[in-house]
Amino acid sequence: MPPRPQHRAGPDRRTFLRYTAGAAAVLPLTALAGCGGSARDSNTIRVAFQQFGSGTLMEQWIQRTAENYSRDFPDRTIELVPIVASENDYFTKNELLMTSPRTSPDLVYEDTFILLSDVGAGYLQPVDDFASTWEHWEDVAEVSQEAVTAPDGKIYAIPTHTDTRGIWYHKGVFADAGLPEDWEPGSWEDILEAARTIKEASPDVAPLFIFSGMPQGEKASMQGFEMLLYGTESRLYDEDAQKWVVGSQGFIDALEFLRTVFEEELTLSLGQNLDPNIGESIYSQILPDGGLGMVIDGSWISQNWTEDAPSPWPEWSETMGVVRMPTQDGGGSGSVTLAGGWCWAIPQHATDPEASASFIEALLTTENTVQRAIEDNQITVRADVAEVEEYQTYSPTAEFFTGLLGDAYYRPAFAEYPEISSAIQEAMETVMTMRSTPEQAAAAYDRAVIDIVGEDSVEEETP
């Protein structure tokens, strides 16, 4: 990719956002498919991103940035392509757009876990030239730089933020059950015992929620299963052997925990668990109404309760507690968290990569990134942002979740991971629906992994 452009003046036509009745235009795939490839305007930067339910924070961020960007590039148009879809559907639709010059965005917002898969499919182009000249690249944490670097050594995206995970618990529900306000579980059994206590004390309250099953997509794999697996001695991938692990006892144990939760009815109904939009219901209604005791979830969820959110909940900071997720039996470091994050990438068929890079630069100024972190309860990956006092104090939970990052685990960042993740979700679903025992589901997962990566790329776990 050519080096980033310098700020320059342009014709007198102002950059604008394409809006319909004041809202970002949601362009269906069929509409984009009708765009002529050679007729595309190189001065239009088409930006694709996931719109989470009714949330508009992402849209507002891009809009705010575009308005400032127009001062330096008045000849360019920013066209929003919000994709309203569940997590798995978003990845699929985004990839479908990128397959052709006629439909491709010029800039895409990607989860780092899907990035290398899209690189392997040829959807994205490297951004090394931009990274090497961007003033904030060296501010990005090394582990986040590695997350966007492919096996060929090239950089394929610019990280925006990261996240960590723990257990959010409702202090009112805990008080009604006689559980301590400063609850701190030391093992999986402590979580189950708290859930059983809540069920007995408040039968109308769901004690625990773990994202599980195919409809929940990557949330099931990362927020759910891997928060359990990485609390055992097992792993998905052996970094030393450079092979995927099969025959994993920790895999079975994690599924056994999940089976217990569903067998003992310590969670929401099966139908609610399989609802791809259940997260929005939990944040907007179930938790604020005291209908749920605990949820294993991420650092960002209090964004749903701010004054400007669709369902403000001013009392959340007094009502909700957060604790570290314990390891299976309290061994090792005693707790576990998974970290992830998102990034901006430039598709292979972008009409003007220089223009795309210049808009990344505008999106990720220090000031803009601080504001975005505060609005969306994000954890920064950048030293310049972490030094800003406004960031350090923006949320009652910011210090807690930022403190988890040092010992966080990251998903295996390989092109095969999305398929592995799908196999994890399937294993979870067969257990939660009682179609398989944990042992049967783990064996089916092992077979799926071998099919995905080949016999030579797996190893049996050593007891």
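1. A crossing of two helices is left-handed if the near helix is turned anticlockwise from the far one by less than a right angle, and right-handed if it is turned clockwise. By this definition, helix 10 passes helix 20 in a right-handed crossing. Helices here are DSSP runs of H or I with at least four residues, strands are runs of E with at least two, and both are numbered from the N terminus.

2. The model is predicted: local features need pLDDT of at least 70, side-chain atom pairs count only at pLDDT 80 or more, and totals for chains, interfaces and linings use all residues. Residues are numbered from 1 along each chain as its sequence is written, and side-chain values use heavy atoms, with hydrogens and water left out.

3. Two packed helices are described by the angle between their axes and the distance between the axes. Helix 10 (residues 249-263) packs against helix 20 (residues 438-453) at about 135 degrees, and their axes are 9 Å apart. Helix 10 is therefore oblique to helix 20. Angles under 35 degrees count as roughly parallel, over 145 as roughly antiparallel, 65 to 115 as roughly perpendicular, and the rest as oblique. The axes are lines fitted to C-alpha atoms, for helices over the stretch in contact, and the angles run from 0 to 180 degrees between N-to-C directions.

4. Which residues make this contact (heavy atoms within 4.5 Å)? Helix 10 contributes F251, I252, L255, E256 and R259, while helix 20 contributes P438, E439, A441, A442 and Y445. By class, the contact of helix 10 with helix 20 has seven nonpolar, no polar and three charged residues. In this scheme Ala, Val, Leu, Ile, Met, Phe, Trp, Tyr, Cys and Pro count as nonpolar, Asp, Glu, Lys and Arg as charged, and the others, Gly among them, as polar.

5. A second pair is formed by helix 2 (residues 57-72) and helix 14 (residues 353-363), which pack at about 110 degrees with their axes 9 Å apart. Helix 2 is therefore roughly perpendicular to helix 14. The contact involves W61, I62, T65, A66 and Y69 of helix 2, together with A355, S358, F359, A362 and L363 of helix 14. By class, the contact of helix 2 with helix 14 has eight nonpolar, two polar and no charged residues.

6. Is Y230 buried or exposed? Y230 counts as buried because its relative accessibility is 6%; buried means under 20% relative accessible area, exposed over 50%, and partly exposed in between (1.4 Å probe, protein chains only). Y230 is placed in the loop between helix 9 (218-229) and strand 9 (237-238). Not counting residues up to four places away in sequence, Y230 touches R235, L236, V336, L338, Y409, Y410 and P412. The C-alpha atoms of Y230 and Y409 are 7.7 Å apart, although 179 residues separate the two along the chain.

7. T112 is found in helix 4 (residues 112-120) and, at 14% relative accessibility, counts as buried. Leaving aside neighbours within four places in sequence, T112 is in contact with V148, G340, G341, W342, C343 and R411.

8. E265 lies in the loop between helix 10 and helix 11 (270-273), and is exposed, with a relative accessible area of 56%. N377 is in the loop between helix 15 (366-376) and helix 16 (383-386), and counts as buried at 4% relative accessibility.

Technical notes: Contact means heavy atoms within 4.5 Å.
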